[in-house]
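Welcome, and please load the model in your viewer. We will go from one selection to the next and look at what is there.

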Amino acid sequence: MKKLLHSLLLLLAAVIWGVTFVAQSDAMALIEPFTFNFIRFAIGSIVLLPFVFIDAGKRKRERAQISEQPQKKSGLLSASLLCGTMLFAASSFQQHGIALGDSVGKAGFITSLYIILVPMIGMLFKQKASPTVWVAAIISLAGLYFLCVKKEAAFEVSDLLYLACAVFFAIHIILIAKFAPDISGTTLSAAQFAVASALSGICMLIFEKPNINNILGAYSSLLYAGVLACGVAYTLQIVGQKHLNPTAASLIMSLESVVSALAGMIILKQMLSAREVCGCIIMFTACILAQLPAKKQKSAG
């Protein structure tokens with residue numbers, strides 16, 4: 001039941017993130033990518049602050065009852081810096097891709113490649129990938145070709161940005177799996193948002209010229225992305241991953257790609273071509289294939 005509950009939390013996060021692609025696309029008509037991320041992550045961090053203090057007080061009382069030593073701040077600091085930096089990088093590539101691209105459905109599906117990348121990157125941490133994962137990776141490349149490569153046989157810049165985003169999101173998922181069991185979900189969530197917001201703010205001041213009127217004009221998209229996509233969904237991710245391995249978690253969260261395609265068609269009227277739908281189906285099939293359990297080796301004799 002505990003695994004089912006945490007799976008449902010990740011599913012809810014995936015639904016919220018899928019619709020967030022629409023908010024991200026709408027906001028790009030008024031404000032620039034780093035400005036958008038700076039504000040959304042700042043909102044997410046601020047929204048969680050009351051819950052951080054409530055959780056801290058609760059944990060302090062629990063430690064007092066069992067005479068447990070308080071958690072070392074160095075652990076939270078390193079987790080926040082690493083997760084926040086990866087979140088900043090992934091979101092920056094994704095937001096710039098959305099600014100250049102023309103389909104939130106495509107953005108969601110290419111981003112979902114992290115489902116293949118999580119077990120592959122896990123090999124660097126001595127987590128072996130089964131032959132099924134490698135087959136899925138090859139299949140996903142075929143799907144990516146149909147989805148992204150036009151008749152002139154060239155990837156769009158936005159597609160490459162989404163791919164870079166998928167890499168950093170994969171690393172982010174692996175890091176969350178490492179830190180989530182030992183750190184409060186709301187605290188880690190708020191702290192990583194603060195780091196991502198600070199890095200986005202620095203880039204905003206260097207590369208962009210934020211306009212207060214345009215920012216106010218995009219308030220609804222910023223509030224949705226800040227409160228729900230950040231404050232709620234990323235916290236659900238951290239809590240949900242506490243009792244699930246990163247590969248299983250990535251499968252559930254990849255359903256954001258389906259939601260993003262549906263949201264793009266329903267809300268933004270962005271219809272995918274037959275070729276692009278074919279690519280989506282192939283990629284999603286590869287994503288599911290990557291999660292199939294490997295056959296156990298028969299013992300000798």
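Which residues in α4 meet which residues in α7? Bear in mind as you look that this is a predicted model. Select K106, A107, I110 and T111 in α4, and then D159, Y162, L163, C165, A166 and F169 in α7: these are the residues that meet. Colour this contact by class and you will find seven nonpolar, one polar and two charged residues.

Now show the two helices whole, residues 104-111 for α4 and residues 157-179 for α7. Their axes come within 8 Å and cross at roughly 40°, and α4 and α7 are therefore oblique to each other. Turn the view to follow the crossing, where α4 passes α7 in a right-handed sense.

On the α4 side, pick V104, G105, G108 and F109; on the α12 side, pick S257, V258, S260, A261 and G264. By class, this contact has four nonpolar, five polar and no charged residues.

For the last stop, go to helix α10, residues 219-240, and centre on S221. Is S221 buried or exposed? With a relative accessible area of 8%, S221 is buried, because buried means under 20%. Display what S221 touches beyond residues up to four places away in sequence: A23, D26, A27 and F36. Finally, zoom in on A23, whose backbone oxygen lies 3.3 Å from a polar atom of the S221 side chain.

Notes: Residues are numbered from 1 along each chain as its sequence is written. This is a predicted model: local features need pLDDT of at least 70, side-chain atom pairs count only at pLDDT 80 or more; totals for chains, interfaces and linings use all residues. Side-chain values use heavy atoms; hydrogens and water are left out. Axes are lines fitted to C-alpha atoms, for helices over the stretch in contact, and angles run from 0 to 180 degrees between N-to-C directions. Helices (H or I, at least four residues) and strands (E, at least two) are DSSP runs, numbered from the N terminus. Angles under 35 degrees count as roughly parallel, over 145 as roughly antiparallel, 65 to 115 as roughly perpendicular and the rest as oblique. A crossing is left-handed if the near helix is turned anticlockwise from the far one by less than a right angle, and right-handed if clockwise. Contact means heavy atoms within 4.5 Å. Ala, Val, Leu, Ile, Met, Phe, Trp, Tyr, Cys and Pro count as nonpolar, Asp, Glu, Lys and Arg as charged, and the others, Gly among them, as polar. Buried means under 20% relative accessible area, exposed over 50%, partly exposed in between (1.4 Å probe, protein chains only). A polar contact is a pair of N or O atoms within 3.5 Å; within protein, one must be able to donate a hydrogen and the other to accept it, and residues adjacent in sequence count only if both atoms are side-chain atoms.
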